[in-house]
Amino acid sequence: MEKPSARSVALGIVALCVTAVVALNAVDSSHTRQLVAEQEQAAQAAAVPDLSPFVGYQQLSDPLLVLVNGRVALPQDWEMLPFFVDDQAVNRRMGEDLSRMLEDAAEENVWLWVASGYRSSQRQKVLFQQQVERWQETGCSLEEAREKALQTVALPGHSEHQTGLAVDFSPVSPAFAQTEAYGWLQEHGAAYGFVQRYPAGKESWTGVAEESWHYRYVGRRHASNMQRLGLCLEEYVLSEEAGKTG
């Protein structure tokens with residue numbers, strides 16, 4: 001038998017190394033995908049809201065505490081009283097406090113731009129359908145696309161924007177949390193009656209991932225209570241504090 005040359009032996013070793021690296025990368029890639037999938041499943045499970053407290057939920061008498069979310073629809077007799085701020089229609093119930101907050105922030109060289117206020121049912125329907133179509137373009141089935149769309153856009157009748165008591169500040173993205181405006185709102189928003197509607201750590205109650213740009217008007221007393229107690233709106237409306245008067 002002919003003795004293999006040093007060159008052929010070296011090439012064989014290189015080939016074996018390459019094969020081993022490819023195999024290891026494949027295992028590592030598979031392991032990484034599995035970890036990511038498990039993390040996503042855990043996050044989704046943690047964000048699934050408990051429906052039981054809101055089965056047959058009766059709205060509180062205070063209109064500033066109207067609850068609208070994925071489980072509780074906007075009351076059919078809800079009145080939207082228009083008031084314009086930054087070319088956006090909002091509910092007159094919060095118009096003066098919102099205007100004052102924007103003015104006071106500007107005096108401190110902090111600029112709060114209202115990107116979105118009141119939305120009609122028809123507008124909400126269009127936004128939801130657009131989000132479904134975007135997910136379908138990525139290869140999702142219609143059912144999958146609807147499920148993913150619901151993570152960021154509410155169905156008509158289930159959006160806070162239809163109350164006129166919610167506003168999105170620009171930029172409408174997670175980048176808002178890095179702005180001076182966000183820091184100012186966290187410190188001063190409650191004094192004007194505003195709370196961050198979807199804070200981090202409350203996904204199991206709200207069913208919505210953190211939205212640093214979305215603020216809800218609940219009135220000064222309720223906002224102060226929610227901030228002091230560390231409660232989101234779903235928790236607060238079920239608390240004794242929400243029912244107190246004065």
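# Close-up views of a predicted model

**View 1. Pairing of β3 with β4.** Two bridges join β3 to strand β4 (residues 166-169), and the two strands pair in the antiparallel sense. Across this pairing, Ser-116 stands opposite Asp-168 in β4. The model shown here and in the other views is predicted.

**View 2. The four-stranded sheet.** The strands of this open sheet follow the order β3-β4-β6-β5, with antiparallel pairing. β3 (114-116) and β5 are the edge strands; each has a single partner strand, so one side of each lacks a neighbour in the sheet. On average, neighbouring strands are turned by 50° against each other, direction ignored.

View 3. Helix α2, made up of residues 92-107, lies across β3, β4, β5 and β6 (211-217). The helix runs at about 25° to β4. Arg-100 and Asp-97 are three residues apart in the helix, about one turn. The count of salt bridges comes to eight.

**View 4. The hairpin of β1 and β2.** Strand β1 (residues 82-85) pairs with strand β2 (residues 88-91) over four bridges, in the antiparallel sense. Val-85 stands opposite Gln-88 in β2. The two strands form a hairpin, with two residues between them. One of the residues in the turn is Asp-86, which has a positive phi of about 50°. Asp-86 has this positive phi although it is not a glycine, and it is found in the loop between β1 and β2.

View 5. Ser-170 and Pro-171 are joined by a cis peptide bond, for which omega is about 0°. Pro-171 is found in the loop that lies between β4 and α5.

**View 6. The second largest pocket.** About 270 Å³ of space lies in this pocket. Its lining consists of 15 residues. Those that lie nearest the centre of the pocket are Gln-186, Val-195, Gln-196, Met-226 and Gln-227. By class, the lining has nine nonpolar, five polar and one charged residues.

**View 7. Elements that line the second largest pocket.** At least two residues of the lining come from each of α5 (180-188), β5 (194-198) and α7 (220-229). β5 gives the most, with three residues.

Conventions: Residues are numbered from 1 along each chain as its sequence is written. This is a predicted model: local features need pLDDT of at least 70, side-chain atom pairs count only at pLDDT 80 or more; totals for chains, interfaces and linings use all residues. Side-chain values use heavy atoms; hydrogens and water are left out. Two strands pair if DSSP finds at least two bridges between them. On a 1 Å grid over the protein atoms alone, a cavity is a set of points where a 1.4 Å probe fits but cannot get out, and a pocket is an open set with protein on both sides within 12 Å along at least five of seven lines; lining residues have an atom within 4 Å of a point. Grid points are joined across faces, edges and corners, and a volume is the space filled by probe spheres set on the points. Ala, Val, Leu, Ile, Met, Phe, Trp, Tyr, Cys and Pro count as nonpolar, Asp, Glu, Lys and Arg as charged, and the others, Gly among them, as polar. Axes are lines fitted to C-alpha atoms, for helices over the stretch in contact, and angles run from 0 to 180 degrees between N-to-C directions. Contact means heavy atoms within 4.5 Å. A salt bridge is a side-chain nitrogen of Lys or Arg within 4 Å of a carboxyl oxygen of Asp or Glu.
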